Amino acid sequence: MRFWGVRGSIAVPGAQTQRYGGNTSCVEVQLAGEGPLVIDAGTGVRALGQELFSRPEREVTMLFTHFHLDHVFGFPFFAALFAPSFRVNVVAPTFTPEATRDRLGRYLNGVLHPLRVHELPAPIDYGSCRPGRSFERGAYRVTPVQLNHPGGACGYVIEGGGKKVAHLTDTSPLSRPGEGVAGGGRPTGRELAVINAIKGADYVAIDTMFSEEEYLEKMTWGHGYPEYAAALCREAEVKCLGLFHHAPDATDDDLDRLAAHWSGGLDGMRVVVAREGEDVDLSG
Ligand SMILES: [Zn+2]
Ligand SMILES: [Zn+2]
């Protein structure tokens, strides 16, 4: 698993974000010998697109969590879409493949971007997915899971090679304050659906853009906080939690402090702060 962009909302290049990175959401999952899965095409996808030319695989599957701009802005800057030698599959939580293409077409429409979506040169196969309905892509098994975000968002659990990872962004807690795992009680129904999907995962990245205090002020914004993500993952017996979708205002020093705060993990579960350029090698 490799992080190409870990930031939420807007890219924030600059001196304050050099170590954790300023690019928006883009995460790659790859099994040796298989084409990669790319979750979201924030600004981080541009560098991934360039690197793909140095690898032998020519098939890429892009999984979109939702269509907010910080997750799609890099799409028309992904070089594989301009190379007819690549085959690109695009999957999103929509009702039909045409709806997936049309959603991206609201951005690639000749106005917000000079190209229209049907003018992209690579062969693109559009698909749709539904939360709870697993599907296979090559050696990967992908399970979409319903998140809690304005307009909807879909996380992905990916299994392959005997390993399991999940990427859950963008999302608020799945229960109200004081209820479910956040309140130290039994999981709510919505929490259980996610807990069952990520059960025993080796690595789970979750949207923790806010502190708990900020979350309580901005409960409808659709983002979570570290203590909640940790409670959810501990309940699911996850091995490592990656804090993800960092706020644009979070500086490297802020994120160092966050990492230090969680350096002891939680009840044997590791908790780390996702960093752009970082490889999470699960091969052992
Ligand atoms: Zn976002
Ligand atoms: Zn969003």
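Helix H2 (69-72), strand S5 (87-92) and strand S6 (124-128) are among the elements that cover the buried residues of helix H3. Helices (H or I, at least four residues) and strands (E, at least two) are DSSP runs, numbered from the N terminus. A residue is buried if 20 or more other C-beta atoms lie within 10 Å of its own, exposed if 12 or fewer, and partly exposed in between, with C-beta atoms placed from the backbone. The model is predicted, so local features need pLDDT of at least 70 and side-chain atom pairs count only at pLDDT 80 or more, while totals for chains, interfaces and linings use all residues. Residues are numbered from 1 along each chain as its sequence is written, and chains are lettered from A and ligands numbered from 1 in the order in which they are written.

The buried residues of H3 (residues 97-105) are Thr100, Arg101 and Leu104. They lie on the same side of H3 because they cover an arc of only 95° around the axis; the arc is that of the directions from the helix axis to the C-beta atoms.

Next comes the sheet. Six strands form an open sheet in the order S1-S2-S3-S4-S5-S6, with mixed pairing; two strands pair if DSSP finds at least two bridges between them. S1 and S6 stand at the edges with a single partner strand each, so one side of each has no neighbour in the sheet. From one strand to the next the twist averages 20°. H3 packs on this sheet, touching S5 and S6, and its direction makes about 110° with that of S6. For such angles, axes are lines fitted to C-alpha atoms, for helices over the stretch in contact, and angles run from 0 to 180 degrees between N-to-C directions.

Helix H1 (residues 45-52) has Val45, Arg46, Leu48, Gly49 and Leu52 buried. These residues line one face of H1, because they fall within an arc of 160° seen down its axis. They pack against strand S1 (2-5), strand S2 (26-29), strand S3 (37-39) and strand S4 (59-63).

Val38 is in contact with Val45 and Leu48, among others, leaving aside neighbours within four places in sequence; contact means C-beta atoms, placed from the backbone, within 7 Å. Val38 is also one of the residues with the most contacts inside the largest nonpolar core, which has 81 residues. Such a core is a set of buried Ala, Val, Leu, Ile, Met, Phe, Trp, Tyr and Cys residues joined through C-beta atoms within 7 Å.

Methods: Contact = placed C-beta atoms within 7 Å.
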